[in-house]
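Please look through the structure below with its charged side-chain pairs, nonpolar cores and domains in mind. The report that follows takes these topics in turn.

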Amino acid sequence: MKKYFNLFDFSQKIDYKTEVLSGLTVALALIPEAVAFAFIAGLSPLTGLYAAFVMGLVTSIFGGRPGMISGATGAIAVVIVTLAATHGVEYVFGAVVLSGLIQILAGSLKLGKFIRLVPHPVIFGFVNGLAIIIFMSQLDQFKGADGNWLTGETLYMLLALVLLTMLIIWGLPKLTKAVPASLTAILVVFGIVVAFGIDTKTVGDMASIKGGFPPFHIPAIPFNLETLQIIFPYAAIMAGVGLIESLLTLNIVDEITETRGRSNKEAIAQGAANVASGFFSGMGGCAMIGQSLINVSSGARARLSGIVAAVMLLVFIVFGSSLIEQVPMAALTGLMIMVSIGTFEWASFRTITKMPKKDIFLMFLVTLITAVLHNLALAVLIGVILAALFFAWDNAKRIRARKYVDEKGVKHYEMFGPLFFGSVTAFGEKFDVLNDPEEVIIDFEESRVVDMSAIEALNKITERYQKVGKKVHLRHLSPDCRKLLSKADQIIDVNIIEDPTYKVLVDDLA
């Protein structure tokens, strides 16, 4: 049954049954992670659960990517753990609100589009590293309260339930897609545990999730410059980490669904969600790739699934805590392991022999940093910087010059390739100033002057010719190039009609 679902001027076809059941599955998967991330940050379980509810609801309604799920995340928990330990939870709430305001500003300034600068090998590395993190985080379920690995019958029973969950998630879609495989797996394992009285770890063994509606609460911190100095560094890092993780998740969901989300709208929605989370006793968060993949793999494509997930999570907290606390962790562990398997870009292995060596290096480096340091923003940042350096190095080698002397004795240098900071040295070595004839033409019809370093290189080469009393003509330069050259009137002889109109990138620090 497909109908149109209109919410806040957003119309799209949805399957109500799929959306509702997917949302219910996601709500169940949100609980253990929200509780675990709250523990990582040194906060109460309800702080993580409230964040999951508020973040999920706000971003589902106002976000730029229908079907994507947001909530409390490990990346945010790692950032705020020190702030929580040194200054307390009230400062955490203040930092969450400030991070949201920063994200709203970033979205308003249209900075979300810069996520397009992240190269594919970096996205591969990010996704693979994240899959490893999701898998490794599930291994804790195979340890006892003393931190030692489980043994004997307890271990075998846990493994059996986990494998049964994984088998249902893998096999059920091959038989029918009438119901989400993930939800079916959870219910089947839950039923088996209850029916046979199996003694295994449950959600309630982690912590109680019973609570009420998130209370509105203005952070109890001094509103002065000293407080701002304390929380701003944490807020800025949270804002950056949250946007990077959210927008990369948006790109991944875009590829899976073959649709396109709106990055700037998502950035504003993430910011608004964090502001609301901070005022409703939540730890803040961002998009969750694991839960987002559960959602879209279950067939959800609209906003309704995220809204249902958030609302059902609150229902579980307020009314159904006693029931949800009986859900075996084995079912949720099996679900998350299947998510990690589905998240990993196995295709990246098949393309290794076809990828350039630098791309392979980038992919493995980003994977390693993500998996070892659990710092997703740092991994992506390093990957983007290295990709830019590799690009600059490759283009620096592409500057070439075709040289010839015409019938009038004028020497021509026809340039090919971009002239920028990385290629200016090679550019200067192309010219034989002392042995060239009295008149020289440097033609940029097949080249492009990119930045201020290139302009300075042009100034230097023309000065070298002037010092030996030779005249040089620079042709096919854009108007802004000519304005930036210090002695333009003396050296430029161009046909303005044929000149390009591109702009030179001017570095404010140049």
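## Salt bridges

In this predicted model, a search of the whole structure finds five salt bridges. One of them joins the side chains of Arg 65 and Asp 254, with an N to O distance of 2.5 Å. The two residues come from distant parts of the chain, 189 residues apart, since Arg 65 sits in the loop between helix 2 (45-62) and strand 3 (70-71), while Asp 254 belongs to helix 9 (residues 225-257). Both Arg 65 and Asp 254 are buried.

Lys 411 and Asp 436 also meet in a salt bridge, at 2.9 Å from N to O. Here Lys 411 lies in strand 6 (residues 411-419) and Asp 436 in the loop between helix 18 (424-428) and strand 7 (439-449), 25 residues apart. Lys 411 counts as buried because its relative accessibility is 14%, and Asp 436 is buried as well, with a relative accessible area of 4%. Asp 140 pairs with Lys 143, their closest N and O atoms being 3.9 Å apart; Asp 140 is partly exposed at 46% relative accessibility, and Lys 143 is partly exposed at 25%.

## Nonpolar cores

The largest nonpolar core has 106 residues, and those with the most contacts inside it are Ile 31, Leu 49, Ile 80, Phe 126, Met 283 and Leu 313. Helix 1 (residues 16-40) gives the most to this core, contributing 10 residues. A second, separate core of 20 residues includes Leu 419, Phe 444, Ala 454 and Leu 477.

## Domains

The domain assignment divides the chain into domain 1 (16-390) and domain 2 (398-487), and the C-alpha centres of domain 1 and domain 2 lie 54 Å apart.

Technical notes: Residues numbered from 1 in each chain as written. Predicted model: local features only at pLDDT ≥ 70, side-chain atom pairs only at ≥ 80, totals over all residues. Heavy atoms only, no water. Domains from an automatic or database assignment. Core = buried A, V, L, I, M, F, W, Y, C linked by side-chain atoms within 4.5 Å. Buried < 20%, exposed > 50% of the residue type's maximum accessible area, 1.4 Å probe, protein only. Helix = DSSP H or I, 4+ residues; strand = E, 2+ residues; numbered from the N terminus. Salt bridge = Lys/Arg side-chain N within 4 Å of Asp/Glu carboxyl O.
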